[in-house]
Structures are given as C-alpha cells and as structure tokens.
Amino acid sequence: MVETIGWTIPQWLEAQRASSSEEGLARIIAQVATFSKDDVAFITIASEDFLKTQWEQIQAIPKAKELPLYGVPFAPKDNIDVAGLPTTVACPAFKYNPTKDAVIIQMLKAAGAIPICKTNLDQFATGLVGTRSPYGAVPSAFNSEYCSGGSSSGSSNIVARGLAPFSLGTDTAGSGRVPAMHNNLIGLKPSRGAFSATGVVPACRELDCVSVFAQNLPDAKTVFDLAAKYDPADSYSCPLPNIMLPSFGAKPKLAIPDVPQWFDDTENAPLWEKAVEEFKAAGVELIPSDFTPMYKLGACLYEGPWVAERYTVVRKLIESDPDAMDPTVRTIIQLANKFSAADQFDWEHLRRDLVREIETKFADFDGFLVPTAPLSPKIKDVQADPIKLNSKQGTYTNFVNFADMAALAIPAGFRQDSMPFGVTIVGRKHTDYALLDIAQKVLSGKERLLGNLGKKSVVNVTDVVV
C-alpha cells in the first residue's frame, strides 16, 4: 500500500474516494498500525475493531464518498470525548468512558472523518509546555530535548510527524498556538464560541476554544468551515455572522510590540524581525505599539481567580485524592483557595477595564501581530522551573481569549538549533477568515517545510478561498 505518512486532507480524500470500501478501511488501519503504544504523543490508540465500526458508520451515510472529509483520519486531544475511547485528561484517576461523542466530533464524523487516537496533553489542559502528564513529556517533532508546547502537546506532535493530516487541540491561554510554533504548524484558534465545547472537559469554560492543528492553511480552513457551527447545547456557543469578514483589505494595519519580550533568548528575536519584514513586503502595515494593557490582561489568567474555574472541574478529585494529580498542576489549581467571591468581582472589573482600554487604544487597527511565544525551552529546563518558564510562554497568548479575539499561528522560520519559530496574527471576534487571508498573503509563493516531514510546499494565493 502507498505510504500515507504526511498526507494532507486533499491527498487522503483523493485516495479514499478512488478506493473500494475495503481498500479505504485497510488504508486507515495500516496508518494506525504504524503507531506505537510507547509513543508519548498518544494516550489511547484506536483498535482495529473501533476503526471498523467508525468506517461502517460512514459507509451508512448516503453518497458517503461525496463527504468533504470522507475517510480522512484525525487526532483529537484527550479532553474531547470520543465514544468508544476513554477520556483521561492526562489523569488516570479522572478517567471515564464516554458513551457519546463531543459535538465537534459528531460534526467531523458526519463529514466523513475518522478519529484514530486520543492525544497526550498537559494534565487538565493546564500548561503551555507539554511536560505535565503522567503519560510522558511530549517533545517537539524537531528535537527530542525540546518541548512540544502545551497543553495540546500530542495533537501538535502527531500532525508535525504526518501521522494525521489534522488534529484537535483546545486553547484557553495559548494551547492551540504555542505547540504550533514548536512543531512548525498552522494553529487555528477560532473566535470564542465558534466551535462547540459540548463534550469537552473544560479548563476555564468561559474562555475555552477547541482549536485546529494542520500542516497548511487550506486544511485548517477546511476544518473551520465544517466545524464552526452553532450548538444550542453549549451555553457559550455563538452563531457566526451571516457574512464573515473575508479580508482586512489591501493594506491591513496591525500593532506589533514596540519592545518585544524575549527573556534573554537570543535566537527568536532575529526571526521575529525577519517575519516583520515579510509581513510588510506582503502589504501589511505594522505599527510598533505599547503592549502593556495586553500584558496586564494576560497576567490576570493565572494571577487572578480564574484558576477557581479550573478548580470546579477537579473539585472532587483534588479534595479527595490530591496526590493523583500532577504536582505542578495541583499547585496551580489550588491557588483558587486564596480568592474570595469579592476578589472575583474585583478582578473581573479589572479585566473589563483592560479590555475597554485595548478596544479604545487600538480602535483604528485591524489587529495584532505577535511572536507566538518568546522562548523555545528544553524539557529539562521546564522540569527544573515548571511554573516560571510556563508563565513566560504565555506572554503573547494569554490575553487573546480574555479579550474575545480570534488568532492564527503560522510558521516563521527556524532557529540555529533547528527548532521552529512562529508568529501569531490576532483579530477581533469573527475575523477568522480575514486572519487566514493575511496569512496566505504572507506565505504566498514561499517554499516552506510542512511540519517535520522533509517535504516542502509552495503556498499560493489561491490556497485559501474565503
């Protein structure tokens, strides 16, 4: 059978549509057979029986081969329910067996896609590093000494290695963006409420977003097109506007940090400066600006009482068996105990004041361009200083969901140590397509490595049709 590692969505579609039912199933089974139970990117690998059942369900759909994701495999993060596969949230003591798919899984399966595993993560989706899991620290696909980023560590690693054409992560503080940078991927963090969170174990329910990792922009857009649907069962779901903004026009205006924070890292700054020039060459106006309000807003996430929202998810476990939790995750969530109800209102008022300040100060801008993360840390360094390093990694991501914005992380070159760098375009709610439009303009005509697959692709202006 033809090698399928590294295939994009169109490659999978072409092969599956041209195959018999038996051949299509065999192709999926052969792909999953390459997975190892010792691979820390996985928590659960789908059995052959499970895959057969999924395949039979697809075949029962009328005109199945016309489905937009017919026979395409994908990898959900293990805080997203898939019926027939356990949900652990990287905590064995929390493990349960869902009998119903999360709504976003239902949508993708209805489009013909097949979940093939559950991926590793920072426990309870608490972290930006990928080291906080009893199932193992997930490394970058580029260097086993370096972090994959978290909390969606396994989901990003798997796509970068070509084991699935796309995966689902979740993003509260940056977990759909930081891992994209460390694995040379597209990381699409939709507007809050665009993707259903029904059947997703929450971190901070009011902020959480299911996110998408893909090798290229068209694949990320395909998943967004299919999954961005209103879910009345999700109290935080928001219907998309009837007409989504397709573009910011010929010359988008984005704010960039006037004094970027690198925390003594020396390799990412030159790549950032190069990316800035590439955005300018693509027609984007970049204005150096004071990012103090964004930094202050981002700091609220873990310094303020929003950790109490995480506490509500694990309350029973943390009060009855705290040792069952990762020590770092437990320490962070237990900070909830120091806040009162009055504190919550004080911090929420501060959050709203900062959001209004940002809205007013940047009213004439289309959005922001930021480094996805300031650092590219080694696993051993994070394990030696697990909280401080993690906090620094959220410098350019933590504020986004607090301000109810959309974001798109894209690759932006490689460091001297071979690790990838990335930048993130941020816009107001429901500017998701306009962010894709900017990204395609910047990547247009450039040959770049896809994930860590050893093959390159030229992205042109026709790749993303809004």
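User: What should I know about the model and its numbering?

Analyst: The model is predicted: local features need pLDDT of at least 70, side-chain atom pairs count only at pLDDT 80 or more, and totals for chains, interfaces and linings use all residues. Residues are numbered from 1 along each chain as its sequence is written, and side-chain values use heavy atoms, without hydrogens and water.

User: How are two packed helices described?

Analyst: By the angle between their axes and the distance between the axes. Here, helix α7 (residues 217-227) packs on helix α16 (residues 432-443) at about 170°, with axes 11 Å apart. They are therefore roughly antiparallel (angles over 145 degrees).

User: Which residues of α7 and α16 make the contact?

Analyst: L217, K221, F224 and D225 of α7 meet D432, Y433, L436, A439, Q440 and L443 of α16. Contact means heavy atoms within 4.5 Å.

User: Is N398 buried or exposed?

Analyst: N398 counts as buried because its relative accessibility is 9%; buried means under 20% relative accessible area, with a 1.4 Å probe and protein chains only. N398 sits in helix α15 (residues 398-402). Beyond neighbours within four places in sequence, N398 contacts L128, A173, G298, L301 and Y302.

User: Where do nonpolar side chains go?

Analyst: In soluble globular proteins, they tend to be buried together. A nonpolar core is a set of buried Ala, Val, Leu, Ile, Met, Phe, Trp, Tyr and Cys residues joined through side-chain atoms within 4.5 Å. The largest has 88 residues, of which I104 and F279 touch the most other members. Its largest share, 8 residues, comes from α16.

Methods. Axes fitted to C-alpha atoms, helices over the stretch in contact; angles between N-to-C directions. Helix = DSSP H or I, 4+ residues; strand = E, 2+ residues; numbered from the N terminus. Parallel < 35°, antiparallel > 145°, perpendicular 65-115°, else oblique. Buried < 20%, exposed > 50% of the residue type's maximum accessible area, 1.4 Å probe, protein only.
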